[in-house]
Each structure stands twice: as structure tokens, then as C-alpha cells.
Amino acid sequence: METRPYFVFGDLLANVLDGVFVGVVTSLVFGPGWNMIVAMFVGMALGMVLSMIVALPMQVGFGAMEIMVPVMTTGMVAGMVVSMAAAMAPADLALAHAARLGFYSGLGTLVCCYAANVWIQGRASLWTS
Amino acid sequence: MDLVTQKKWDRAAANFDLMAGYGPEKRWEPAKRALFSKMGDGKILFLALGTGLDIPFFPPGRRITAIDISSGMIEKARPRIDAYDGEIETQVMDVHEMPFDDGTFDQVFTSCTFCSVPNPVAGLEQLRRVLRPGGELHMFEHTGSRYFPFRVMMNAMTRITRRFGPDMNRTTVENVVAAGFTLENVDHVFLDVVKTISARA
């Protein structure tokens with residue numbers, strides 16, 4: 001697990017920024033007229049594409065795959081959560097609410113990626129036998 | 001020579017250090033230093049030197065033959081080659097068509113290489129050919145993941161990234177075995193995506 005403060009900060013910044021960005025943009029695209037399931041899948045794809053915009057500059061400062069993989073996952077999760085929330089809402093989502101959902105999506109995804117990293121590294125020795 | 005691949009990396013050379021020179025190298029420095037500390041006193045082949053970002057992590061005093069398919073990359077690497085406290089001889093070469101005799105090298109090192117080699121198993125078979133029997137292969141590579149959602153995502157990303165750079169979903173550990181190497185160790189640096197691989201010819 002990454003413990004160097006500079007890179008932990010970078011991971012946090014990249015995922016939270018990406019979550020907020022994807023959340024806000026997604027809330028502008030989806031609304032109450034959308035079918036929830038369709039919105040979910042389109043939102044996930046849109047979130048992944050939007051995440052590339054955030055991942056590329058963040059990679060320069062903080063790492064390659066260690067940034068790209070969690071950030072793309074955040075984009076997928078934030079896109080899914082916000083698009084479904086927008087489709088189910090009685091009126092258009094407030095931008096602040098969408099940003100908040102994106103923020104928590106980024107935070108949650110990063111924690112899950114850190115946990116997955118620890119779990120996978122614990123299993124690594126099994127794969128070489 | 002694979003001219004399409006050569007052209008792609010010649011184009012990438014101009015901005016390669018901007019994208020990969022700071023964050024990724026700082027992040028990977030401990031794992032790379034540990035891997036390259038295995039460089040011995042024998043004949044070493046370093047595959048895909050790129051702009052030489054790995055050179056500062058090499059132990060001093062080694063004699064290394066470094067190849068890359070892109071002359072643009074090697075040109076960019078020149079200051080780092082000159083600054084190295086040892087000998088690095090560079091050649092523009094395609095891994096699929098290496099003119100070295102069988103069993104020329106004691107060790108082969110790669111760093112983020114087999115995400116970009118068009119035919120990875122054939123490339124690895126060539127590495128096994130130029131290694132002496134029992135010679136060592138040490139790799140620092142990023143690969144695809146076997147886990148959802150990373151696997152799905154990296155398959156999707158590869159459709160885009162392979163146009164201007166590497167594939168994100170390679171199965172390099174399996175390819176090493178398929179090329180006839182005996183796998184000795186795999187250490188995961190980040191998820192099951194960034195890893196070091198050690199094997200014997």
C-alpha cells in the first residue's frame with residue numbers, strides 16, 4: 001500500500017477532483033426524463049471517458065497506472081451514481097448535490113482501491129507457484 | 001523493422017519525459033532500484049531504453065547493451081547515457097529481429113516494454129534465444145488485471161491508448177511462460193497491474 005504522503009495526497013486529490021468533475025458533468029447530461037438503467041450504463045461510460053481528462057495531467061505529477069486505474073474507476077462509479085440519482089430525481093439535480101455525490105464516490109473508490117491493493121499483494125505469492 | 005511501431009515511438013519521444021519523467025518514475029523508483037540491483041557483472045541486454053529514464057537507477061560500473069526501436073528515443077536518452085558511471089552501448093533495433101548470436105547475454109532487463117511490443121510472445125522467444133541457457137530475465141512491466149472492474153476498464157482503455165502508446169491489458173506473465181521461460185518470481189507493485197517478473201531461460 002502506498003504510504004508516502006506526497007503520493008497519498010496525489011491519489012486523494014486526483015480521485016476527489018475526478019469524482020466532482022464527473023458528478024457535475026453527468027448531472028448536466030441526465031435528468032428525470034431518462035430511464036434509470038439506460039442512464040446508469042451511459043453514465044458509467046461517460047464517467048470513464050471524462051476521467052481520462054483528469055487522469056492525464058495528474059499522472060504527470062503522481063504516477064501512471066496508480067493514478068489512471070483508480071481515477072477511471074472513480075469516473076465509472078461517479079457516473080453511475082449521479083446518472084441514476086438524476087434519473088430518479090423529481091427535478092434536475094442541484095450541482096452542489098451532484099458534486100457531493102462525486103466527491104464521496106471518489107473517496108470511496110480510492111479506499112476500495114487501496115484495500116484491493118493490499119488484498120491482491122497478499123495473494124501474489126500464490127500466482128508464481 | 002516494424003516501421004509502424006518505430007514511427008509511433010519516434011512521435012512519442014518529444015513529449016515522453018513530460019508524461020513519464022516525474023510522477024511515474026518517482027513512484028516506481030524503489031521497485032525499479034530493487035530490480036536493477038540484480039544487474040551482475042556479465043553481459044547485460046536492456047530492452048527498450050526509451051529516453052533513458054531508468055538509467056539513474058542502474059548500479060554503477062555495468063556494461064550494458066541497450067536497444068530501442070526508436071532512434072528519436074535514443075537521441076533523447078543521450079544525456080543520461082553520458083552521465084552513467086559505466087558503459088551503455090545503444091543500438092536501434094527491433095526485438096523481433098535481433099542480430100545477436102544465440103546465448104550472447106547473461107541477463108536481460110526490460111522496463112515497461114512488453115506493453116508495446118506488437119508480438120510479445122515472439123519478442124520474448126527472441127530474448128530467450130539471446131540469453132545463455134539458465135540466463136536471467138528481469139522485467140518491470142504493467143499488465144492487464146484479472147479482477148473486475150479493472151479488467152473491463154483496461155480492456156476498454158486499450159482501444160484508445162494503443163493508438164499513441166502502450167496496450168493496457170497485456171498478459172505478460174503468461175507470455176513469459178508461453179515463450180519457454182521458467183518463471184521464478186512475480187512481485188506486485190500496484191494491484192496486479194504493475195509488477196516485477198523474474199524468470200530463467
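Predicted model: local features only at pLDDT ≥ 70, side-chain atom pairs only at ≥ 80, totals over all residues.
**View 1. Chain A is built from helices.** Chain A holds four helices and zero strands. Read from the N terminus, its elements run α-α-α-α. Its C-alpha trace spans about 50 × 30 × 20 Å along the principal axes. Of the 129 residues in chain A, 48% are buried. Take the contacts in chain A between residues at least 6 apart in sequence: 83% of them join residues at least 24 apart.

**View 2. Helix 1 of chain A crosses helix 2 of chain A.** Here, helix 1 (residues 5-29) of chain A and helix 2 of chain A have axes that come within 9 Å and cross at roughly 150°. The crossing of these two helices is right-handed. From helix 1 of chain A, the residues making the contact include Phe7(A), Gly10(A), Ala14(A), Leu17(A), Phe21(A) and Val25(A). Among those that helix 2 of chain A brings to the contact are Gly43(A), Leu46(A), Gly47(A), Leu50(A), Val54(A) and Phe62(A). Sorted by class, the residues of this contact are 12 nonpolar, six polar and two charged.

**View 3. Chain A meets chain B.** At this interface, 21 residues of chain A are in contact with 23 residues of chain B. On the chain A side, helix 2 (36-62), helix 3 (65-88) and helix 4 (95-123) each supply at least two residues. Which helix of chain A gives the most to the side that touches chain B? That is helix 3 of chain A, with six residues. The chain A side has 13 nonpolar, seven polar and one charged residues.

View 4. Ala20(B) is found in helix 1 (residues 3-20) of chain B. Is Ala20(B) buried or exposed? With 20 other C-beta atoms within 10 Å, Ala20(B) is buried, because a residue counts as buried when 20 or more such atoms lie within that distance. Leaving aside residues up to four places away in sequence, Ala20(B) touches Ala64(A), Glu25(B) and Leu53(B). Thr51(B) is 31 residues from Ala20(B) along the chain, and their C-alpha atoms are separated by 9.9 Å.

**View 5. Seven strands of chain B form an open sheet.** The strands follow the order 3-2-1-4-5-7-6, with mixed pairing. Strand 3 (87-92) and strand 6 (182-190) of chain B stand at the edges; each has a single partner strand, so one side of each is left without a neighbour in the sheet. From one strand to the next, the twist averages 15°. For a closer look at one pair, find strand 1 of chain B and strand 4 of chain B, which pair in the parallel sense over four bridges. Look for Ile44(B), whose bridge partner in strand 4 of chain B is Gln107(B).

**View 6. Helix 4 of chain B has buried residues on one side.** In helix 4 (residues 120-130) of chain B, the buried residues are Pro120(B), Gly123(B), Leu124(B), Gln126(B), Leu127(B) and Val130(B). Why do they lie on the same side of helix 4 of chain B? They cover an arc of only 150° around the axis, which puts them there together. The buried residues of helix 4 of chain B pack against strand 1 (44-47), strand 4 (105-111), strand 5 (131-142) and helix 6 (172-178) of chain B.

Conventions
Residues numbered from 1 in each chain as written. Chains lettered and ligands numbered in written order. Contact = placed C-beta atoms within 7 Å. Nonpolar A, V, L, I, M, F, W, Y, C, P; charged D, E, K, R; others polar. Axes fitted to C-alpha atoms, helices over the stretch in contact; angles between N-to-C directions. Left-handed = near helix turned anticlockwise from the far one by under 90°. Buried ≥ 20, exposed ≤ 12 C-beta atoms within 10 Å, placed from the backbone. Arc of directions from axis to C-beta. Pairing = 2+ DSSP bridges.
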